[in-house]
Each structure stands twice: as structure tokens, then as C-alpha cells.
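Take a moment to turn the model around before reading on. Then follow the chains piece by piece.

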Amino acid sequence: MSTIDSTPPSTIEPQTSSGAQTPPASMQVPDASGRFGVFGGRYVPETLTRALEELVVEYHRARNDPDFQAELDELLHRFVGRPSPLYHAKRLSGLVGGAQIWLKREDLNHTGAHKINNTLGQALLTLRMKKTRVIAETGAGQHGVASATACAHFGLPCVVYMGAEDVRRQKPNVFSMRLMGAEVRPVESGSKTLRDAVNEAMRDWMSSVEHTHYIIGSVIGPHPFPQMVRDFQSVIGKECREQCLSSLGRLPDAIVACVGGGSNAAGMFYPFIHDTSVRLIGVEAGGRGQHSGEHASPLTYGSPGVLHGSYSYVMQDDDGQTSDVHSISAGLDYPGVGPEHSYWKDSKRVEYTSCRDDEALESFDLLARNEGILTALETCHALAKAAQIAKTMSRDEHLVICLSGRGDKDAAELARLRGQQW
Amino acid sequence: MTAIDDLFQRLKASGKKAFMPFVTAGDPNMAFTSKVITRLEQLGCSMAEVGFPYSDPIADGPVIQASYTRALGNKLKLQQIFDQVQQDRSKWSMPLVAMVSYAIIHRQGPESFIAAAKQAGFSGVIVPDLLVEESQMMSSLCRKHDFNLIQLVTPTTPPQRALRIAEASSGFLYFVSVTGITGERTQLPDGLVDRVGWLKERTSLPICIGFGISTPEHVKLLSPVSDGLIVGSAIVRCLEGAAASEEQALQNASQLVSSLLAALET
């Protein structure tokens, strides 16, 4: 039977779901078949197998190639502006009245979010594999913009699939993609959101796989995507770890990140997995309520199943049909989540909780008015929960929020939601 | 031995090829799907492939995807498919094979799914998103229940892998004719006939070709090298107006199937 409408957790204590005793989380995942514990794997049509195998081989070759790493590092430094600062939000810390709050400023990257860390890496791989075209899916449009940017930088043609509903609510990003020469194809099927954009990109790839690379934007999809995207995004956590050691002289006490597909959280958490003194907290989109269809929190309310090529927590009905989900933020409006998050949940290394639409909206103002930072609605979910958690901590403790994206893209949607003039 | 194994033995003995139409379950309702299967058998089809609608089908083109959306929009549930097939099974003598995404099978539990499908009257299952690497459990459960697991080989499958897939399959091997999603094509790729021929010399399993077949010319080209042909989108397209007029939809599908069957006979 489905557990979709099961009772929500009353606290942010880690939830046990599969019941069985799971060993502590390892960083030595996935295995050769793409499994993070029981999660992950590869559930795709046979047509895509050869391309995925080719990607595994090329990715491992690139990882061990100092020239590849040097080229990527140079781009991340001079084109993206890395390292991104770790900023002590003193006014916010004072207002919240608890732990010292630090912001890992991924919003200051070129293109305004963490997504560029991954697209540059995958675009370099596209060139190494001698593929001549790139496709991508996007929800909030941040991955679409980052893909369009990487493709413009390298001179690759780029097609971005985007749900028609998301095209509406993230117009500035649609315009940016087009300015950089990408073709944005609105997807009218299903719920017209991120999930449908992934379906459509997969369908394109089924026919174009021989010359096209699909730059998946999150830690989802068939092996090796969850691993590869995590690795490219791990620059966030690696930098953050070093910055904490140099600024604080020690590791932080807690780290909070929002989770849709889960790429910024995976990149932030992964380098800290073995640092068990650091609490890691992932925040899903709690939407309007706990019932199926009102939120996008598969780790909080869903159960393990297959979606978009891997085995992970997902929102499904009792037949295995994907359920509709809702979030105020296009980037979190997704019924699935990366398999490594499912692994971290069941191994209890990461605590997962969810944040409602209204709480997220409130925290937008909190950071805007007190720190002068406009935050992406996705990131606001992490912000809202982080403020609640910080309150329960002492003033000499430190909490880091992964500030995954900037909020300019959401200005028009915020105005609409608040009935204000844009 | 399943009804599918039996079918191919009989066809082989009489030098004939299988013709296998695909029909979406529950588009627009199961009673109509049952009528379609009855008509397909009357026309002389050898077997029917019943597509189980799935919310996120990545291997399917727009025609089949739209049929899934219509069926699910009418609140089709898995149990209704099993119930209708079981109720009408005695009317049909041809084997039925289920086309089901692994998301659905996983949710039921593979063994429960196989048992329910078999009890309803299916003889095998095609799981388009279950790769040979992930198929061991399904494969052994299918063997245990005397149920066929039909796996797919595509134009991007390297030769040695194709042999491995053939070894892990039963009933027949589904040879996907094109690199891409389901849907009618005006042209089938060069080299298809040779690739099927190569594989046919190396496996004892019957080979059926599907994806993109929509005209009598396709049938004439591919039937000599294969043991059977599968036609999906072209038939589903004929049936898409069933909600407005069932009779018209059945007539359109019958015309198409008759012309394809005639091409198969010649």
C-alpha cells in the first residue's frame, strides 16, 4: 500500500522508513552499477545504454586527467568567480537570536546560482565525447540559463526543455536563455513543470543520443548522472569546509540546504559526510499542506520507487503513477529526488524536513530587509528552516546555509503572488 | 511453455510470421479495449500487446503518450486492466503480452505483478525501462511462474550485448528498429535488415521487430528477416477518436490492420 499520505514528522528528527538497520553513510558510493546502498541504478530504455556507458568511461577518464581538472578549475575561477564567499550574516544572526548564521554565497556565481558548477563540467565532457549538441531540462530556469551559458561559452547549440507553467513563472530566465542563443521549448504535457521537462528531454535524447549530450541539472536520472552532478557540485562543500576551518578554526555545527532534485544540497553535504559532528539538514518543499498533491516532499512523505531512470524516494500513487506535486518554487516542484539523498535519509546521515510556501515567502523578506540579499524562492525554504534551527542553538555555535541562488528571477512571481505591481 | 512459445512453434511449422498490434489499455475505457482485442483477433492477428498507461513514459512518442494521458485522465487503475482481461480472456485464443513500465511493477512488487498478470491471462511482459543488468530478479521470477520476459535490442546495442539480452529473454526478442521513441516513420534505417539477420543466426529465440512500422511497404521489407512484426502508434492513432465514435475508430483500425496483414501474407 502507498504511504503517500502518512503522518508527517512532527520534528526534524531523521525519519526511518525502510525499517532495516542501515550501515553509516559512506562517501565510497555509488558502486559500479550506480547504487547508493539500494538506491540509484539505471532504469532507462536500452537505446540509452551505450551513451550512458560512454559517459561513465569518459567521466572517469576526465576525473583522472589533470588537464581536465585544471581547465575546469580555471573556468570556475575566472568565468564563474569562484571561490564563492562564506559570509557571516551578523544582523540576521542577531535577529534570529541563536547560532551564528553563515551564508555560502552560491548566488554570487556567474548566472546567479550553483547550477553553473555542473554545466561547465558537463559541457567540457560533451566536447571530450565529440558530441555536437546539448539538451537540458529546467525548472526554475537556473539550470537552463547555466546550460545556455556554458554552451554559448563553448559554441555548442543548446535546446532547453521547460514546462509551460515554469516558462510563465520564470520569464526573466527564459529571456536570458534566448539572449544567449539557446532554444527554449515549452513543454505542454502533464503538469507542465520540471517533471514533464525531464520526460521531454529524455525523449529528445532517445532519438538524438548519437550526437547529443543531455546535461541533467540535478543529482537525478540514471547512473552516472547522480554521481557526476554531485561531484561537480561538491566544489561548494569543499570550499565551505576549508572556509570554515580558516574563518572559524573548526567545522560548523549544522548545515542547511534546500532539496528539490537535490544538487546544491548534495554538493554541499557530500564533503561533510564523514564529519559526523556536523548536522546536515535538507529542506524539501512543503507547499500548502501534507496531503498528496499539495507539496513536493518525497523524502518526507513519499516512498521508494522508480522515476526518471533511478530508484529513489518518489511521490507515487498505489499503482506507481507519479503524483502531482506543488511548490511555490519552480525549482523544487518535482516529485522525485536524487538517489544519494534517499541513501543519506535511510542511513540517517542527513535529516530531512519540509518548509511550507508561506514560511519560504516570509524568509525572503527576512534576508532582503536585514541583509540586503534577494534570495531565490528555492533557497528561501532552506533559509526559513535554518532560522528555526538556529534559534534552538547557542550563540557560540555556527550554522551554514547554502544560499544556492539569487532571487531576481522571482521578482515578478512574488509581485503576482502578493497582488503588487511589477 | 507459455502460449507465446506455443504460438511461435506453430507459426514456424507453418512458415508464417506473427503480427502483433499494440493497444493502449483503457483508452478511453477497458470495455472498448476488450472490443478492440476481439476485433484484432477476428482480423487474424497472432498476439496482442497491451500497453499499461504510465504517467511518465520516456520511450514513447506523442501518439502513445497521449493515449496514456487519456486513459489515466479517465482514472484508469491497474486492477481494472486485470479485471477486464480476466473477464474476457476466454473469448480470445491469441496470447496477450503486457507492456509495462518498471515503476508500476516495482510498486506492486515484481512477484505480485507477475502473478496478477498471469492470473488475468497475460503470457508475458515487456518492460521497456528494465535493462538486462537490472533484470535478473524479474527474469528468474518469470521463469518460476512460466511467464515470458521479453527484452529489447536496439540499433545502439553492441553485438555482444545483444546476444546477452537474447540469452536473458524468453518468448521472443523485441528488436527496436530505430534509435528513438515509438511512432510512425516514413523511412526505416539502413542496415536494419542486416542487423536483424546477424542476430537471427545467433539465437534460437524468435525475433520480432517494432517501433516505426506503419505501412505495408515496411511490412514487406521486414517480414522476411523476422519472426513477427509489432505495430503500435499507427493503430493507437486510428483508435484515438474512440471517445467520439467507437465504431468509426474500430473501422479505421481494422482497415489499417487488414492492409498490413495482407502485406504480411504476400
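Predicted model: local features only at pLDDT ≥ 70, side-chain atom pairs only at ≥ 80, totals over all residues.

The domain assignment divides chain A into domain 1 (35-77 + 115-228) and domain 2 (83-112 + 234-417). Each domain is written as two stretches of the chain. Over C-alpha atoms, the centres of domain 1 and domain 2 of chain A are 22 Å apart. The two domains touch: 38 residues of domain 1 of chain A and 41 residues of domain 2 of chain A take part in the contact.

Which elements give two or more residues to the side of domain 1 of chain A that touches domain 2 of chain A? They are strand 2 (39-40), helix 4 (115-128), helix 5, helix 6 (164-169), helix 7 and helix 8 of chain A. That side of domain 1 of chain A has 16 nonpolar, 16 polar and six charged residues.

Now find the sheet. Chain A has an open sheet of four strands in the order 7-6-5-8, and the pairing is parallel. Strand 7 (183-187) and strand 8 (212-215) of chain A are the edge strands, each pairing on one side only. From one strand to the next, the twist averages 25 degrees. In general, strands of a sheet pair through backbone hydrogen bonds.

Look at one pair in detail. Strand 6 (residues 158-163) of chain A pairs with strand 7 of chain A in the parallel sense, over five bridges. Within this region, A:Val160 stands opposite A:Val184 in strand 7 of chain A. A helix also packs on the sheet: helix 8 (residues 194-208) of chain A. Helix 8 of chain A touches strand 5 (133-138), strand 6, strand 7 and strand 8 of chain A. The direction of helix 8 of chain A makes about 160 degrees with that of strand 5 of chain A.

Next come helices that pack on each other. Two packed helices are described by the angle between their axes and the distance between the axes. Take helix 5 (residues 142-154) and helix 7 (residues 171-179) of chain A: their axes come within 9 Å and cross at roughly 10 degrees. Why are these two helices of chain A, helix 5 and helix 7, called roughly parallel? Angles under 35 degrees count as roughly parallel, and helix 5 and helix 7 of chain A cross at roughly 10 degrees, so they are roughly parallel to each other. Their crossing is left-handed. Helix 5 of chain A brings A:Gln142, A:Gly144, A:Val145 and A:Ala148 to the contact, and helix 7 of chain A brings A:Asn173, A:Ser176 and A:Met177. By class, the contact has three nonpolar, four polar and no charged residues.

Helix 4 (residues 78-88) and helix 6 (residues 110-120) of chain B pack at about 30 degrees, with their axes 8 Å apart. These two helices of chain B are therefore roughly parallel to each other as well. B:Phe82, B:Val85 and B:Gln86 of helix 4 of chain B meet B:Ala116, B:Gln119 and B:Ala120 of helix 6 of chain B. This contact divides into four nonpolar, two polar and no charged residues.

Finally, see where the chains meet. Here 30 residues of chain B are in contact with 28 residues of chain A. On chain B, the elements giving two or more residues are helix 3 (62-73), helix 5 (102-108) and strand 6 (152-153). Helix 5 of chain B gives the largest share, five residues. The side of chain B that touches chain A has 16 nonpolar, eight polar and six charged residues.

Notes. Residues numbered from 1 in each chain as written. Chains lettered and ligands numbered in written order. Contact = placed C-beta atoms within 7 Å. Nonpolar A, V, L, I, M, F, W, Y, C, P; charged D, E, K, R; others polar. Pairing = 2+ DSSP bridges. Axes fitted to C-alpha atoms, helices over the stretch in contact; angles between N-to-C directions. Parallel < 35°, antiparallel > 145°, perpendicular 65-115°, else oblique. Left-handed = near helix turned anticlockwise from the far one by under 90°. Domains from an automatic or database assignment.
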